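Thanks for taking a look at this one with me.

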Amino acid sequence: MSQHPDPNPHPAAPAATQPSAEPQATAAPAVAKSEAEWREQLSPEQYAVCRCSATERAFTGKFWNHKEAGTYTCVACGEPLFSSDAKYDSGSGWPSYWQPLAPEAVTEHADESHGMRRIEVKCARCDSHLGHLFPDGPRPTGLRYCINSASLGFEGAGEGKASGG
């Protein structure tokens, strides 16, 4: 089996025949900033990862071995992305999660850079590069969201503000 998943690992589900009676959460407004604004807000490493799709070296990021309970957020816009409950030690040297906090928190894109076929994961709110998705994760999803620490902030259980750098 290839280590690189199909660029569309989750085919669209058939449309629901009846509207949901449950109230829908209102999504936070999209974040659009100029490159100058992103450079001013983010550290050089955060900018390289989030805006230029760079990858930090394995086993060097602040969250690869982080074990505190809470929520991992987008360092660029603060959007909640991953729960510590879905974090696991993949042995890869990057924070790894078997699912996002909510399916709509991240977007997936085909990435054929560097001579590889991968799935890029981005923040759905601000389009920041987070990392990549691989089909070698644990149950129940079998997925590994391999995420750069530099793209993340963290809000500990009971805290009110995310910290990312």
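Which residues are buried in helix α2 (residues 44–52)?

1. Welcome to this predicted model. In helix α2, the buried residues are Q46, Y47, V49 and C50. Helices in general explain part of such a pattern: with 3.6 residues a turn, residues three or four places apart point the same way.

2. Next, see what lies against the helix. The buried residues of α2 pack against α1 (35–41) and against β7.

3. Now move to strand β7, which spans residues 129–134 and includes H129. H129 counts as buried because its relative accessibility is 1%. Its neighbours include V49 and C50, two of the buried residues of α2.

4. The side chains of H129 and E120 make a polar contact at 2.7 Å.

5. The structure holds zero disulfides. C50 is in no disulfide, and the nearest cysteine sulfur, in C74, is 5.7 Å away. C50 is counted as buried because its relative accessibility is 2%.

6. What about C74 itself? The closest cysteine sulfur to that of C74 belongs to C126, and at 3.6 Å it is too far for a bond, since a disulfide needs the two sulfurs within 2.5 Å. C74 is buried too, with a relative accessible area of 2%.

Technical notes: Residues numbered from 1 in each chain as written. Predicted model: local features only at pLDDT ≥ 70, side-chain atom pairs only at ≥ 80, totals over all residues. Heavy atoms only, no water. Helix = DSSP H or I, 4+ residues; strand = E, 2+ residues; numbered from the N terminus. Buried < 20%, exposed > 50% of the residue type's maximum accessible area, 1.4 Å probe, protein only. Polar contact = N/O pair within 3.5 Å; in protein donor to acceptor, adjacent residues only side chain to side chain. Contact = heavy atoms within 4.5 Å.
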